[in-house]
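Have the model open as you read.

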Amino acid sequence: MSIPQTFSVFEQQQRNRDRRWLYGLSMLLLVTGALSLSAGESWLWPDQWLGTEARLFVWQLRFPRTVAVIMVGASLATSGAVMQSLFENPLAEPGLLGVANGACVALVLCVMLSHGLLPVWVISLAAIAGALIVTFFLLYIARKRLLTNARMLLVGIAIGIACSALMTWAIYFSNNLDLRQLMYWMMGGFGGVDWSQIWLGLMLLPVLLWLVMQGNTLNLLSLGTQQARQLGISLNIWRYILVLAVGWMVGLSVALSGVIGFIGLIIPHILRLCGITDQRRLLPACALCGASVLLLADVLARIGLSAAELPVGVVTATLGAPVFIWLLIRTGQIR
């Protein structure tokens, strides 16, 4: 068998294996979604979903929360894969450009200046605006100063640190109870999500679907600047578009659930370590896996303590870090 034929056979085997992973992750998402609808102080299994009690607990309380968790988990994991590929940095994740901290600063200022009197939808819009302001500011500096990917990443980290300092000062000198309660929410949680906030998840969906379909472009960008240009891909234009898309999704995710770490950083690495390296299948796999993992974390956050609900961000970091360390030890490398 010739080398081209051998490569073709290997590529077909890889494609079939990736498809099996996608089917498995789709089934996992269905199972975790059903578990999320069933779990709570009052467990209601699928055969009880049409009963009278389920009308409140399942369809009014748990269903919008489950939809929000799926949207946020899929968005964060996909954004993490895009950033790691775009910046060629294994430590890149959605919050690294300072966008999430920008959204949090807008939230803190909004609550502090309004004394907690503004409706939830206004505060959500403020978070989105804060994320977009940071994103556009970062893109403006990158275009004005012709920043490389590495320098752009460093500027984003510096912006994130500055925003975090602003939040700390505002909360430290505030005696506003709403502001202090906001800190608990910013650790990540879906406790206040209901049907009135589901529009945030719907605003995530078009950009998420578009980003999932950009695997071929990311494959070409990963070849390097020179090769991408020879194939007709403009690195600068695509860098701005992809960073803007990530900023939009991170801003909406923060408005919906607060800051949730781990998902965007670790999920792409776990899937790569499992053998999914082609961006055309890695991005949808990240969306499915990110949604499933965040659903499991949300269920644990709800049932972990009888008297209170744990922050989802704490659950993801606590459970995810040991799994990731085990995978690194087992494979001996990170890609």
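Glutamate 309 is partly exposed at 28% relative accessibility (buried means under 20% relative accessible area, exposed over 50%, and partly exposed in between, with a 1.4 Å probe and protein chains only). This is a predicted model, where local features need pLDDT of at least 70, side-chain atom pairs count only at pLDDT 80 or more, and totals for chains, interfaces and linings use all residues. Residues are numbered from 1 along each chain as its sequence is written, and side-chain values use heavy atoms, with hydrogens and water left out.

**A link across the chain**
- Glutamate 309 forms a salt bridge with arginine 65 (2.7 Å, N to O); the term stands for a side-chain nitrogen of Lys or Arg within 4 Å of a carboxyl oxygen of Asp or Glu.
- Arginine 65 lies in helix α2 (residues 52-86) and glutamate 309 in the loop between α12 (279-303) and α13 (312-331), so this pair, 244 residues apart, links distant parts of the chain (helices are DSSP runs of H or I, at least four residues, numbered from the N terminus).
- Arginine 65 is buried, at 7% relative accessibility.

**Within helix α12**
- Arginine 302 and aspartate 298 pair up in a salt bridge at 3.4 Å, N to O.
- About one helical turn separates these two residues, because they sit 4 residues apart in helix α12.
- Arginine 302 is buried at 15% relative accessibility, and aspartate 298 is buried at 0%.

**A network**
- Salt bridges join Asp18, Asp278, Arg280 and Arg281 in a network.
- Aspartate 278 and arginine 280 meet at 2.7 Å, N to O.
- Aspartate 278 is buried at 14%, while arginine 280 is partly exposed at 41%.

**Overall count**
- The structure holds 6 salt bridges.
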